[in-house]
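Visitor: I am new to reading structures. Could you walk me through this one, feature by feature?

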Amino acid sequence: LQGTMVGNGATNWSYDVWPSFPQTLKNFQIIQQDLLDDWESEGCAAYFHNVRPATKTPKCIAMAKRMMDLSGQLNWYDLYRHNYDLPMTPADRMGETVIDGKRRTYKRGMTMAEYTPFATTILDSDMAQAVNGDFLTDYMNREDVRAAFNIPTDVQTWEQCSETLDYHVQDEASMWIYRVLQGKTRLMFYSGDTDGAITTYGSKLWMRELGWPIVDAWRPWYTNGQVSGYTETYDGLQFVTVKGVGHMAPQWARLPVTNICLLYTS
């Protein structure tokens, strides 16, 4: 293992997703300072997928609802990017393909409820059953595409959201991995800085908790003479932000993220 690169990855549930979401909303001028102050003074807390108990007092529940009301029309994974029109749910979710002369079926795309079951705010909404990605499952289940990926013909058809895997959300998340790998391999963590889910603010907090010395102080990095983000290097970990994009930084900032990869592998 020569090195690892993780982009906007959930790492410590004390900071990632809900714990850093209120402060991020305030940083993005989505909520007022007094709402954040009240949330913190009441000792309110909430966590991804209920991995830890949330504070369920009437005041905390009301404030959480207020935050979701103010941010609910935004793109949670990229707070500065517009929302896209969701396609209608197709009448038939099942697709068909022929592999090695045999007819095979698969479930096309994924609903938002399947993709983000932890986003309780959408589960009862119209968007919960909207299907995305049906074109991708059609493509990945073509016989010629499977052959190009060297997928044996006896392997099942591909679906975007598995109904057979039962994920267990660990309380310790993945921060422990960084301490295990420190000094043994190169480590990079990059963060699209408009992500509302795995926020840059939260990532900074767990890196501070590592307590590793800073060997290269916070500074901008560039693509074609323009600031593409900021970087800071700890003794064992390089942290890079990508300016103006969210959770899917490689999708929306292809050249800058390519430059990160080239810098990292040089």
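Visitor: Where does Q32 lie?

Guide: Helices (H or I, at least four residues) and strands (E, at least two) are DSSP runs, numbered from the N terminus. Q32 lies in the loop between α1 and α2. This is a predicted model: local features need pLDDT of at least 70, side-chain atom pairs count only at pLDDT 80 or more, and totals for chains, interfaces and linings use all residues. Residues are numbered from 1 along each chain as its sequence is written, and side-chain values use heavy atoms, leaving out hydrogens and water.

Visitor: Is Q32 buried or exposed?

Guide: Buried means under 20% relative accessible area, exposed over 50%, and partly exposed in between (1.4 Å probe, protein chains only). Q32 has 58% relative accessibility, so it counts as exposed. In the protein chain, 41% of the 266 residues count as buried.

Visitor: How far is Q32 from G7?

Guide: Their C-alpha atoms are separated by 29 Å. Along the chain, Q32 and G7 are 25 residues apart.

Visitor: Which residues touch the most other members of the largest nonpolar core?

Guide: A nonpolar core is a set of buried Ala, Val, Leu, Ile, Met, Phe, Trp, Tyr and Cys residues, joined through side-chain atoms within 4.5 Å. Here the largest one has 16 residues, and W18, L25, I30, I31, W39 and M67 touch the most other members. Helices α1 (21–27), α2 and α3 (58–71) each supply at least two residues of this core. The most come from α3, with four residues.

Visitor: α3 again. Where is A62, and is it buried or partly exposed?

Guide: A62 sits in helix α3. Its relative accessibility is 47%, so A62 counts as partly exposed.

Visitor: What about phi of N224?

Guide: N224 is not a glycine, yet its phi is positive, about 50 degrees. Its loop runs between β7 (214–223) and β8 (226–234). N224 is exposed, because its relative accessible area is 71%.

Visitor: How many helices and strands does the protein chain have?

Guide: The protein chain has 10 helices and nine strands. Its C-alpha atoms fill a box of roughly 60 × 50 × 35 Å, taken along the principal axes.
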